[in-house]
Amino acid sequence: MEVFRNNGTLEISEIDPFLAELLQQIPASANPEAVPAVEQRLYSAPAGPNEKEFCAEWKVYVEPELRRLFRSATETVASDLEQLVEKEKPFANGRLCIPREHSDAWLNALNQARLAIATKYDFSEAELCDHYRSPIGSRRDLSLFQVNFYGFLQEFILREMKCGEG
């Protein structure tokens, strides 16, 4: 897999089918609705339980906009990922072009997905920091790999956004 910037577009080329599948899972992974703990993690209260009025106002005024923002980001990513649907050669390496103006949506959706997966599998801080863990022997191991892969993509997008400013 190669990652680079090309005329204001972030490009990822030579994406093998396994990584393409992980990319295509971003929208579904970012969806908190199936797991209450994920919902609670993404939409956590901004203050302690003794600040009921502040938390109630947050739920009424801020949370709906957060939900809209998260949904919009995920829809943008899903739309960009349509590039990976290759019907002619299903096992060929793919290519993905992310317009610079979609960078924030990608960062948002990747962050949602990482938080959701980490919460769903209750990964410890030590597990999340162990970048040498191998091989993938279970669904949990695959999910940890997915969290780290999405983190790599976030790092790449941030680096390329910063390079594009100068």
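Before anything else, a term: two strands pair if DSSP finds at least two bridges between them. Helices (H or I, at least four residues) and strands (E, at least two) are DSSP runs, numbered from the N terminus. My model is a predicted one, where local features need pLDDT of at least 70 and side-chain atom pairs count only at pLDDT 80 or more, while totals for chains, interfaces and linings use all residues. Residues are numbered from 1 along each chain as its sequence is written, and side-chain values use heavy atoms, with hydrogens and water left out.

**Strands**

I looked up Glu11 and found it opposite Cys97 in strand 3. Strand 2 and strand 3 pair antiparallel, over 5 bridges. Strand 1 (residues 2–6) also runs antiparallel to strand 2, joined to it by 5 bridges. Asn6 has Thr9 of strand 2 as its bridge partner. These two strands make a hairpin with 2 residues between them, and Asn7 in the turn has a positive phi of about 50°.

Why is strand 2 largely enclosed by the rest of the structure? I checked burial (buried is under 20% relative accessible area, exposed over 50%, partly exposed in between, with a 1.4 Å probe and protein chains only). Strand 2 is largely enclosed because 5 of its 7 residues are buried.

**Core**

Next I looked up the nonpolar core, meaning a set of buried Ala, Val, Leu, Ile, Met, Phe, Trp, Tyr and Cys residues joined through side-chain atoms within 4.5 Å. The largest one has 32 residues, and Trp106 is one of those touching the most other members. Elements giving two or more residues to this core include strand 2 (9–15), strand 3 (94–99) and helix 7 (139–165). Helix 7 gives the largest share, 9 residues.

I then listed contacts (heavy atoms within 4.5 Å). Leaving aside neighbours within four places in sequence, Trp106 is in contact with residues including Ile26, Leu96 and Ile157.

**Helix 4 on helix 5**

Two packed helices are described by the angle between their axes and the distance between the axes. Axes are lines fitted to C-alpha atoms, for helices over the stretch in contact, and angles run from 0 to 180 degrees between N-to-C directions. For helix 4 and helix 5 I noted about 105°, with the axes 8 Å apart. Among the residues making the contact are Phe70 and Ala73 of helix 4 and Trp106 and Gln112 of helix 5.

Is Gln112 buried or exposed? I have it as buried, at 3% relative accessibility.
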